[in-house]
Amino acid sequence: MEDTVLAEPSESFRPKIGSVTLSVLTAIYILVVANHTFWTRAFGYLSSAPVAFAAFVIGISTLTIAALTTFSVKYLTKPALIFFLMVAVVSSWFTDQFGVIIDKEMIRNAAVTTQAESAHLITLSFLLHILLAGVLPSLFIIWVRVVHKPFLKKFVWNMAVIVPCLGITIAAGLGFSQTYASVGRLHKDLMLTLNPFVPIGSAARFAFASEDDRYIVRRPLGTDAHQRTASANGKPRVTIIVAGETGRAQNFSLGGYPRETNPEMKARGVIYYKNSTSCGTSTAVSLPCMYSVYPRADYTHRKGLETDNLTDILGHAKVDVEWWDNDTGSYGVANRIPYRFLPDAADPRFCTDGECLDTVLLDKLGDWLSNVKSDSVLVLHQLGSHGPAYYRRYPDDFRRFTPDCRTPEFGACKPEEVVNAYDNTILFTDHVVAKVIDNLKKHQDRISASMLYVSDHGES
Ligand SMILES: [Zn+2]
């Protein structure tokens with residue numbers, strides 16, 4: 001049988017390889033090529049215990065080999081190995097380039113992201129990385145001829161690899177359990193960058209959680225909310241909430257940053273609240289949390305969905321609430337109130353390629369304020385300092401800190417150029433917020449106005 005196959009000329013160029021050998025080779029490839037951040041962190045955290053680090057490397061390697069060898073089954077080997085390889089290569093790009101940990105919330109963020117947002121991440125170097133590190137080795141896996149042993153023999157042969165590998169992993173773990181436990185307690189992120197297992201586990205947890213979300217019944221909250229007094233002078237009370245994006249407190253001069261990034265707000269005498277903490281590092285977590293009744297430590301995605309949020313409760317109190325979005329959506333917060341997604345209009349004065357400068361939020365504000373008749377809250381959801389394409393967040397006349405990084409690939413810029421671009425985004429946010437204040441002042445003869453700016457989270 002084997003001989004007949006070899007005799008076919010088209011097949012003769014394809015090398016033969018045992019399925020266990022192919023699994024082991026793929027495991028080693030993934031460990032070496034797609035786990036740079038993982039090994040760097042492990043090395044850093046275990047630098048004072050070189051023998052424990054060596055045992056850690058061996059234990060993780062044998063664990064990976066055992067896991068991939070489990071899929072050394074006819075018809076399953078190739079698709080499984082290619083799947084693991086591609087997940088590892090894609091994930092490692094985001095972990096190595098941006099320090100992203102692919103947890104359940106990051107998968108949620110990726111699942112609800114806008115096209116324009118993801119387009120910035122699909123750069124030429126990203127595609128090159130996927131092609132060279134992912135597609136080429138996958139083509140190699142497709143090309144080679146995998147030799148499978150008869151089922152029983154194969155089972156024994158697989159076990160002969162898997163069992164000793166797991167034995168080594170367990171021995172390494174037990175041998176240095178105290179070191180690993182204390183390092184793990186101190187550095188909870190140690191295992192979170194291991195490819196491809198962590199991203200696959202996160203995706204599975206996200207899928208199960210999303211399935212659960214479908215059966216959530218929202219509990220009404222604060223249905224007795226009401227306004228205790230009428231407006232003193234009969235004017236409608238108007239509050240504008242500017243919901244910021246990625247505005248890092250550390251880079252606000254109002255909070256002590258040595259660079260003047262908030263000149264316009266400063267000139268308007270705003271009050272700066274120093275003591276606030278975001279619920280997470282992604283919009284999908286932080287934004288709904290801001291509008292939920294739960295404090296940071298108690299908030300979960302599910303609890304947020306299960307309970308009325310601030311916009312609902314304002315509605316119970318007969319306040320008109322509206323949401324204008326220039327970011328990536330309201331993440332469910334504005335599901336029951338009037339909502340406008342401004343990039344949809346693609347207004348050429350503000351927008352290119354599906355994204356708009358935040359001045360688009362100011363465009364219709366004057367008209368809205370002229371027509372407001374009752375107590376109202378308007379949420380302006382900014383694009384703010386959304387990365388990594390900081391340079392697209394501000395117009396040319398706000399390129400005050402230069403040279404500024406003009407690409408979404410931080411690797412191509414010096415760190416100070418990235419900071420310059422980021423600080424320009426804060427400067428532009430300062431301008432947008434100041435213009436909101438000016439607009440409110442302009443209408444103060446007929447409305448009683450207030451404004452609150454708060455960002456969903458900072459930047460790493
Ligand atoms: Zn955000």
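A residue is called buried when its relative accessible area is under 20%, exposed when it is over 50%, and partly exposed in between (1.4 Å probe, protein chains only). C351 is buried on this scale, with a relative accessible area of 11%. The model is predicted: local features need pLDDT of at least 70, side-chain atom pairs count only at pLDDT 80 or more, and totals for chains, interfaces and linings use all residues. Residues are numbered from 1 along each chain as its sequence is written, and side-chain values use heavy atoms, with hydrogens and water left out.

A disulfide is taken as a pair of cysteine sulfur atoms within 2.5 Å. The count by this rule is three disulfides. With the bonded cysteines of the protein chain numbered in sequence order, the pairing reads 1-2, 3-4, 5-6.

The link of C279 and C289 is left-handed, at -45 degrees about the S-S bond. C279 sits in the loop between α12 (263-267) and α13 (283-291), whereas C289 lies in helix α13; the two are 10 residues apart. Helices (H or I, at least four residues) and strands (E, at least two) are DSSP runs, numbered from the N terminus. C279 counts as partly exposed, because its relative accessibility is 23%. C289 counts as buried, at 4% relative accessibility.

C351 and C356 form another disulfide, their sulfur atoms 2.1 Å apart. This link of C351 and C356 is right-handed, with 100 degrees about the S-S bond. C356 has 4% relative accessibility and therefore counts as buried.

C405 and C413 are also joined by a disulfide, with a sulfur separation of 2.1 Å. The angle about the S-S bond is 80 degrees, and the link of C405 and C413 is right-handed. Both C405 and C413 are buried. C165 counts as buried as well, at 10% relative accessibility.

E245 lies in the loop between β3 (237-244) and α12, and T283 in helix α13, so the pair ties together parts 38 residues apart in sequence. E245 and T283 are both buried.
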